[in-house]
Amino acid sequence: MQQFGDYLSNLRSNKGLTLEKLATLVGSSKSTLSRLENNDIPRPFKGAIRRLVIQLAQALCTSQQETERYLTLAGIDITFLTENEKKLVGLLPHISINTPAEPRTNDILVLNFAHPLTAQQQAQIEELSNTTIENTISIPTLINEEEPLEPQITNLIDAVDQSTHDWHKRDILINPPGYAPVAILLLATIHGRIGHFPTLIRMRPKHTSVTTYEVIELLNLQTIRDAARKSSETPSHNPPESP
(Lines give C-alpha, C1' and ligand atoms only; values in the text may rest on other atoms or scores of the structure.)
Protein backbone atom coordinates (compact mmCIF):
# COMPACT_ATOMS: atom_id res chain seq x y z
CA MET A 1 0.00 0.00 0.00
CA GLN A 2 1.28 3.45 -0.88
CA GLN A 3 2.47 5.49 2.08
CA PHE A 4 1.50 9.07 2.82
CA GLY A 5 5.05 10.40 2.39
CA ASP A 6 5.39 8.90 -1.09
CA TYR A 7 2.07 10.39 -2.16
CA LEU A 8 3.04 13.80 -0.77
CA SER A 9 6.37 13.65 -2.60
CA ASN A 10 4.63 12.75 -5.88
CA LEU A 11 2.19 15.65 -5.50
CA ARG A 12 5.04 18.06 -4.90
CA SER A 13 7.04 16.74 -7.89
CA ASN A 14 3.99 16.99 -10.15
CA LYS A 15 3.72 20.67 -9.17
CA GLY A 16 7.38 21.19 -10.04
CA LEU A 17 8.18 22.37 -6.53
CA THR A 18 11.36 21.82 -4.57
CA LEU A 19 11.17 21.28 -0.82
CA GLU A 20 12.51 24.81 -0.33
CA LYS A 21 9.84 26.39 -2.55
CA LEU A 22 7.03 24.38 -0.97
CA ALA A 23 8.27 25.26 2.52
CA THR A 24 8.15 28.96 1.62
CA LEU A 25 4.69 28.53 0.08
CA VAL A 26 3.13 27.00 3.22
CA GLY A 27 5.24 28.81 5.81
CA SER A 28 7.05 25.72 7.06
CA SER A 29 10.62 24.41 6.95
CA LYS A 30 12.40 22.13 4.49
CA SER A 31 13.34 19.74 7.29
CA THR A 32 9.72 19.33 8.46
CA LEU A 33 8.50 18.65 4.91
CA SER A 34 11.34 16.18 4.41
CA ARG A 35 10.31 14.33 7.57
CA LEU A 36 6.72 14.16 6.32
CA GLU A 37 7.83 12.78 2.95
CA ASN A 38 10.01 10.19 4.71
CA ASN A 39 7.19 9.20 7.08
CA ASP A 40 9.35 10.23 10.04
CA ILE A 41 6.59 12.06 11.93
CA PRO A 42 4.37 9.74 14.00
CA ARG A 43 0.65 9.68 13.55
CA PRO A 44 -2.02 10.66 14.26
CA PHE A 45 -0.93 14.12 13.17
CA LYS A 46 -1.79 16.70 15.82
CA GLY A 47 -1.61 20.44 16.39
CA ALA A 48 0.72 22.38 14.11
CA ILE A 49 1.62 19.29 12.03
CA ARG A 50 -2.03 18.51 11.35
CA ARG A 51 -2.62 22.11 10.29
CA LEU A 52 0.44 21.89 8.01
CA VAL A 53 -0.88 18.68 6.44
CA ILE A 54 -4.18 20.46 5.72
CA GLN A 55 -2.31 23.43 4.21
CA LEU A 56 -0.34 21.09 1.98
CA ALA A 57 -3.58 19.57 0.72
CA GLN A 58 -4.74 23.06 -0.26
CA ALA A 59 -1.45 23.82 -1.99
CA LEU A 60 -0.92 20.53 -3.85
CA CYS A 61 -4.19 18.71 -4.49
CA THR A 62 -6.00 19.62 -7.70
CA SER A 63 -9.17 17.52 -7.47
CA GLN A 64 -11.56 16.22 -4.83
CA GLN A 65 -10.48 12.65 -5.56
CA GLU A 66 -6.84 13.62 -5.08
CA THR A 67 -7.66 15.44 -1.84
CA GLU A 68 -9.63 12.51 -0.44
CA ARG A 69 -6.81 10.10 -1.30
CA TYR A 70 -4.25 12.43 0.31
CA LEU A 71 -6.23 12.81 3.55
CA THR A 72 -6.93 9.07 3.77
CA LEU A 73 -3.22 8.28 3.50
CA ALA A 74 -2.53 10.98 6.09
CA GLY A 75 -4.91 9.21 8.47
CA ILE A 76 -7.30 12.16 8.61
CA ASP A 77 -10.98 11.18 8.64
CA ILE A 78 -12.77 13.52 6.24
CA THR A 79 -16.00 13.32 8.23
CA PHE A 80 -14.22 14.82 11.23
CA LEU A 81 -12.82 17.87 9.42
CA THR A 82 -14.04 21.21 10.72
CA GLU A 83 -16.07 23.43 8.40
CA ASN A 84 -13.06 25.73 7.92
CA GLU A 85 -10.80 22.77 7.07
CA LYS A 86 -13.32 21.48 4.51
CA LYS A 87 -13.45 24.91 2.91
CA LEU A 88 -9.66 25.14 2.93
CA VAL A 89 -9.16 21.87 1.03
CA GLY A 90 -12.12 22.43 -1.28
CA LEU A 91 -14.41 19.71 0.05
CA LEU A 92 -18.12 20.27 0.40
CA PRO A 93 -19.37 20.33 4.00
CA HIS A 94 -20.78 17.08 5.32
CA ILE A 95 -24.56 17.43 5.06
CA SER A 96 -26.52 16.68 8.21
CA ILE A 97 -29.86 17.66 9.67
CA ASN A 98 -28.12 20.30 11.78
CA THR A 99 -26.13 21.92 8.97
CA PRO A 100 -27.40 25.48 8.28
CA ALA A 101 -28.93 26.01 4.85
CA GLU A 102 -27.84 29.64 4.59
CA PRO A 103 -24.71 30.37 2.51
CA ARG A 104 -21.78 31.00 4.83
CA THR A 105 -18.87 33.40 4.68
CA ASN A 106 -15.23 32.46 5.29
CA ASP A 107 -15.03 34.77 8.29
CA ILE A 108 -16.00 34.10 11.89
CA LEU A 109 -18.07 35.84 14.52
CA VAL A 110 -16.73 35.70 18.09
CA LEU A 111 -19.25 36.01 20.91
CA ASN A 112 -17.39 36.96 24.07
CA PHE A 113 -19.24 36.55 27.37
CA ALA A 114 -16.09 36.76 29.51
CA HIS A 115 -13.23 39.24 29.95
CA PRO A 116 -12.44 41.36 26.84
CA LEU A 117 -10.23 39.51 24.35
CA THR A 118 -6.83 41.06 23.80
CA ALA A 119 -5.38 41.65 20.33
CA GLN A 120 -2.97 38.77 20.95
CA GLN A 121 -5.80 36.41 21.89
CA GLN A 122 -7.76 37.36 18.77
CA ALA A 123 -4.63 36.74 16.67
CA GLN A 124 -4.29 33.31 18.32
CA ILE A 125 -7.92 32.53 17.43
CA GLU A 126 -7.32 33.50 13.80
CA GLU A 127 -4.17 31.37 13.67
CA LEU A 128 -5.92 28.32 15.15
CA SER A 129 -9.00 28.69 12.94
CA ASN A 130 -6.99 29.67 9.84
CA THR A 131 -9.50 32.36 9.01
CA THR A 132 -10.34 35.97 9.85
CA ILE A 133 -12.44 37.33 12.68
CA GLU A 134 -15.10 39.45 11.00
CA ASN A 135 -16.53 40.75 14.23
CA THR A 136 -16.13 40.29 17.98
CA ILE A 137 -19.18 41.09 20.08
CA SER A 138 -18.64 41.41 23.82
CA ILE A 139 -21.74 40.86 25.95
CA PRO A 140 -21.47 41.79 29.65
CA THR A 141 -22.65 38.77 31.63
CA LEU A 142 -24.34 40.01 34.78
CA ILE A 143 -26.51 37.37 36.41
CA ASN A 144 -29.09 38.05 39.11
CA GLU A 145 -28.99 35.04 41.44
CA GLU A 146 -32.50 35.86 42.70
CA GLU A 147 -34.13 35.59 39.27
CA PRO A 148 -34.77 32.59 36.95
CA LEU A 149 -31.74 31.89 34.77
CA GLU A 150 -33.29 31.00 31.41
CA PRO A 151 -34.88 34.39 30.59
CA GLN A 152 -31.63 36.11 31.58
CA ILE A 153 -29.74 33.94 29.07
CA THR A 154 -32.30 34.72 26.38
CA ASN A 155 -31.74 38.41 27.05
CA LEU A 156 -27.97 37.91 26.72
CA ILE A 157 -28.39 36.25 23.32
CA ASP A 158 -30.88 38.90 22.19
CA ALA A 159 -28.22 41.49 23.08
CA VAL A 160 -26.03 40.01 20.34
CA ASP A 161 -28.50 41.71 17.95
CA GLN A 162 -28.14 39.40 14.95
CA SER A 163 -30.84 38.70 12.38
CA THR A 164 -31.81 35.13 11.53
CA HIS A 165 -29.70 35.45 8.37
CA ASP A 166 -26.72 36.78 10.34
CA TRP A 167 -26.87 33.88 12.78
CA HIS A 168 -26.51 31.40 9.92
CA LYS A 169 -24.09 33.04 7.49
CA ARG A 170 -20.79 32.57 9.36
CA ASP A 171 -19.07 30.25 11.80
CA ILE A 172 -19.59 31.25 15.42
CA LEU A 173 -16.98 30.91 18.16
CA ILE A 174 -18.00 31.41 21.78
CA ASN A 175 -15.92 32.42 24.80
CA PRO A 176 -18.29 31.51 27.65
CA PRO A 177 -18.34 32.97 31.16
CA GLY A 178 -16.84 30.99 34.00
CA TYR A 179 -20.23 30.37 35.65
CA ALA A 180 -21.02 26.82 34.46
CA PRO A 181 -24.87 26.93 34.34
CA VAL A 182 -24.70 30.16 32.34
CA ALA A 183 -22.26 28.62 29.86
CA ILE A 184 -24.41 25.50 29.44
CA LEU A 185 -27.58 27.50 28.85
CA LEU A 186 -25.75 29.80 26.43
CA LEU A 187 -24.80 26.75 24.33
CA ALA A 188 -28.35 25.43 24.38
CA THR A 189 -29.81 28.81 23.40
CA ILE A 190 -27.28 29.42 20.62
CA HIS A 191 -27.91 25.90 19.30
CA GLY A 192 -31.59 26.82 19.12
CA ARG A 193 -30.79 29.96 17.12
CA ILE A 194 -28.36 28.46 14.56
CA GLY A 195 -29.32 24.77 14.54
CA HIS A 196 -25.92 23.40 15.58
CA PHE A 197 -23.30 23.86 18.27
CA PRO A 198 -20.77 26.71 18.00
CA THR A 199 -17.01 26.34 18.36
CA LEU A 200 -15.64 26.75 21.88
CA ILE A 201 -12.57 28.88 22.62
CA ARG A 202 -10.34 27.25 25.26
CA MET A 203 -7.91 29.45 27.17
CA ARG A 204 -5.01 28.63 29.51
CA PRO A 205 -3.40 30.87 32.13
CA LYS A 206 0.26 31.87 31.69
CA HIS A 207 1.73 32.33 35.14
CA THR A 208 4.38 35.02 34.94
CA SER A 209 4.80 38.15 37.04
CA VAL A 210 1.35 39.09 35.75
CA THR A 211 -1.06 36.24 34.92
CA THR A 212 -2.32 36.44 31.35
CA TYR A 213 -4.36 34.05 29.25
CA GLU A 214 -3.59 32.55 25.86
CA VAL A 215 -5.88 30.78 23.39
CA ILE A 216 -4.60 27.21 23.04
CA GLU A 217 -7.42 25.33 21.35
CA LEU A 218 -10.65 25.70 19.37
CA LEU A 219 -13.12 22.91 20.13
CA ASN A 220 -15.69 22.27 17.40
CA LEU A 221 -18.56 21.13 19.60
CA GLN A 222 -20.69 20.01 16.66
CA THR A 223 -17.90 17.77 15.37
CA ILE A 224 -17.40 16.36 18.87
CA ARG A 225 -21.13 15.78 19.23
CA ASP A 226 -21.33 14.04 15.83
CA ALA A 227 -18.34 11.83 16.66
CA ALA A 228 -19.91 10.84 19.98
CA ARG A 229 -23.20 10.08 18.26
CA LYS A 230 -21.43 8.01 15.61
CA SER A 231 -19.61 6.10 18.34
CA SER A 232 -22.85 5.44 20.23
CA GLU A 233 -24.49 4.10 17.07
CA THR A 234 -21.68 1.59 16.46
CA PRO A 235 -22.76 -1.82 17.77
CA SER A 236 -20.48 -3.19 20.45
CA HIS A 237 -19.26 -6.75 20.26
CA ASN A 238 -18.90 -8.10 23.76
CA PRO A 239 -17.04 -11.38 24.18
CA PRO A 240 -19.13 -14.26 25.44
CA GLU A 241 -19.09 -14.76 29.18
CA SER A 242 -17.09 -17.62 30.55
CA PRO A 243 -19.21 -20.47 31.92
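Tutor: Let's begin with Asn39, which is partly exposed, its relative accessible area being 29%. Keep in mind that this is a predicted model.

Student: Okay, and where does Asn39 sit?

Tutor: You'll find Asn39 in the loop between helix 3 and helix 4. Its phi is positive, about 55°, although Asn39 is not a glycine.

Student: Which peptide bond is cis?

Tutor: The one from Arg43 to Pro44, with omega near 10°. Pro44 is in the loop between helix 3 and helix 4.

Student: And those two helices, at what angle do the axes of helix 3 and helix 4 cross?

Tutor: They cross at roughly 85°, and the axes come within 12 Å. That angle is why helix 3 counts as roughly perpendicular to helix 4.

Student: Which residues make the contact?

Tutor: From helix 3 it's Thr32, Leu33 and Leu36, and from helix 4 it's Ile49, Leu52, Val53 and Leu56.

Student: How many of those are nonpolar, polar or charged?

Tutor: The contact of helix 3 with helix 4 has six nonpolar residues and one polar residue, with no charged ones.

Student: New topic: helix 2. Which of its residues are buried?

Tutor: Helix 2 covers residues 19-26, and its buried residues are Leu19, Leu22, Ala23 and Val26. They take up an arc of only 105° around the axis, so they end up on the same side of helix 2.

Student: What covers them?

Tutor: The cover for the buried residues of helix 2 includes helix 1 (4-14), helix 3 (30-37) and helix 4 (47-60).

Student: And what's on the face turned away from the buried side?

Tutor: That face of helix 2 carries the exposed residues Lys21, Thr24 and Leu25.

Student: What follows helix 2?

Tutor: Gly27 does, and its phi is positive, near 70°.

Student: Where is Asn130?

Tutor: Asn130 is in the loop between helix 7 (119-129) and strand 2 (133-138).

Student: And what's its relative accessible area?

Tutor: For Asn130 it's 43%, so that residue is partly exposed.

Conventions: Residues are numbered from 1 along each chain as its sequence is written. This is a predicted model: local features need pLDDT of at least 70, side-chain atom pairs count only at pLDDT 80 or more; totals for chains, interfaces and linings use all residues. Side-chain values use heavy atoms; hydrogens and water are left out. Buried means under 20% relative accessible area, exposed over 50%, partly exposed in between (1.4 Å probe, protein chains only). Helices (H or I, at least four residues) and strands (E, at least two) are DSSP runs, numbered from the N terminus. The arc is that of the directions from the helix axis to the C-beta atoms. Contact means heavy atoms within 4.5 Å. Axes are lines fitted to C-alpha atoms, for helices over the stretch in contact, and angles run from 0 to 180 degrees between N-to-C directions. Angles under 35 degrees count as roughly parallel, over 145 as roughly antiparallel, 65 to 115 as roughly perpendicular and the rest as oblique. Ala, Val, Leu, Ile, Met, Phe, Trp, Tyr, Cys and Pro count as nonpolar, Asp, Glu, Lys and Arg as charged, and the others, Gly among them, as polar.
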